[in-house]
Amino acid sequence: MASTTPASSRTSPARPRSRRLRTKALGLCAALCLALPARAALPLPELSHSLTALKPARPAPDFALPDLDGKLHRLSDYRGKVVLVNFWATWCPPCRREMPSMERLRQQLDGEPFAILAIDQEETPDNVFVFTGQLDPAPGFPILIDRTSEVAPAWGVLGLPTSFLVDPRGRIVYRGMGGRDFDHPAMVETIRRLLEK
């Protein structure tokens, strides 16, 4: 979707929201950077290990985005599975911090009808490839590239990182903004309950 978007569509109503999202995120990042020297000696805050239930659940907007190898992934292709959809970027500190726990979660649930789709915002595949190559463990799930951040507005993303759990019926049932410890037992239990339904 991102690679085939005509230049004229960049002035569509979705773009101002995208700019606002990026402006908010950049502002937050700048504030964190300014505060960093004073907090350098302090321990990092714990990552959250819970998500907010959405009641009622709502249909997850479909999308089609390429991964780092150019393969197209549609959310609708994952119908019948629980899907963790994560919006992130390499410049976002909590995004960088939570990414290894997403891979550990994937490994814990390997063989289950569960998938992770991590949607990078407005960066190049080369930048993302360099970053993910530094991670331990390296992501074994698809990293999708949204060069124009066209998908995030439809999902109501207001900041990064933001994560959603989509149930096997294609409905958003949980949402969370901010960094998460995805392989925490409480998070794994939440996902297992969805798998058993």
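This is a predicted model: local features need pLDDT of at least 70, side-chain atom pairs count only at pLDDT 80 or more; totals for chains, interfaces and linings use all residues.
Phenylalanine 164 has a relative accessibility of 0%, so I put it down as buried, the cut-off being under 20%.

Next I looked at the strand around it, β7, residues 162-166. Five of the five residues there are buried, so β7 is largely enclosed by the rest of the structure. I checked which way the side chains go: Thr162, Phe164 and Val166 point one way, Ser163 and Leu165 the other, and all are buried.

Then I went through the partners of β7. Strand β4, residues 82-88, pairs with β7 in the antiparallel sense, over five bridges. Here I found valine 85 standing opposite phenylalanine 164. Strand β8, residues 171-177, also pairs with β7 in the antiparallel sense, again over five bridges. On that side valine 166 stands opposite isoleucine 172.

**Aromatic pairs**

Which aromatic residues form one cluster with Phe164? I get Phe63, Phe87 and Trp155 as the other members. A search of the whole structure gave me five aromatic pairs.

I took phenylalanine 87 with tryptophan 155 to begin with. Their ring centres are 5.9 Å apart and the planes sit at 55°, so I logged the pair as tilted. Phenylalanine 87 is in strand β4 and tryptophan 155 in helix α4 (residues 152-155), so I noted a link between distant parts of the chain, 68 residues apart. Both residues are buried.

The pair of phenylalanine 87 and phenylalanine 164 came next. The centres are 5.9 Å apart and the planes at 85°, so this pair is edge-to-face. With phenylalanine 87 in β4 and phenylalanine 164 in β7, the pair ties together parts that are 77 residues apart in sequence. I also looked up the accessibility of phenylalanine 87: its relative accessible area is 0%, so it counts as buried.

Where are the cis peptide bonds I noted? One joins leucine 160 and proline 161, with omega about -5°. Proline 161 is in the loop between α4 and β7. Another joins aspartate 136 and proline 137, with omega about 5°. Proline 137 is in the loop between α3 (125-132) and β6 (143-146).

I also noted positive phi values in residues that are not glycine. Serine 149 has phi near 50° and lies in the loop between β6 and α4. Glutamate 122 has a positive phi of about 60°; its place is the loop between β5 (114-121) and α3.

**Second largest pocket**

Last, I turned to the second largest pocket, with about 260 Å³ of space in it. I find 13 residues in its lining, and Asp167, Arg171, Val173, Leu194 and Lys197 lie nearest the centre. The elements giving two or more residues to this lining are β1 (52-59), β8 and α5 (185-196). β1 supplies the largest share, four residues.

What is the make-up of the lining by class? I have seven nonpolar and six charged residues, with no polar ones.

Methods. Residues are numbered from 1 along each chain as its sequence is written. Side-chain values use heavy atoms; hydrogens and water are left out. Buried means under 20% relative accessible area, exposed over 50%, partly exposed in between (1.4 Å probe, protein chains only). Two strands pair if DSSP finds at least two bridges between them. On a 1 Å grid over the protein atoms alone, a cavity is a set of points where a 1.4 Å probe fits but cannot get out, and a pocket is an open set with protein on both sides within 12 Å along at least five of seven lines; lining residues have an atom within 4 Å of a point. Grid points are joined across faces, edges and corners, and a volume is the space filled by probe spheres set on the points. Ala, Val, Leu, Ile, Met, Phe, Trp, Tyr, Cys and Pro count as nonpolar, Asp, Glu, Lys and Arg as charged, and the others, Gly among them, as polar. Rings of Phe, Tyr and Trp (its six-membered ring) pair if their centres lie within 6.5 Å; planes under 30 degrees apart count as stacked, over 60 as edge-to-face and the rest as tilted.
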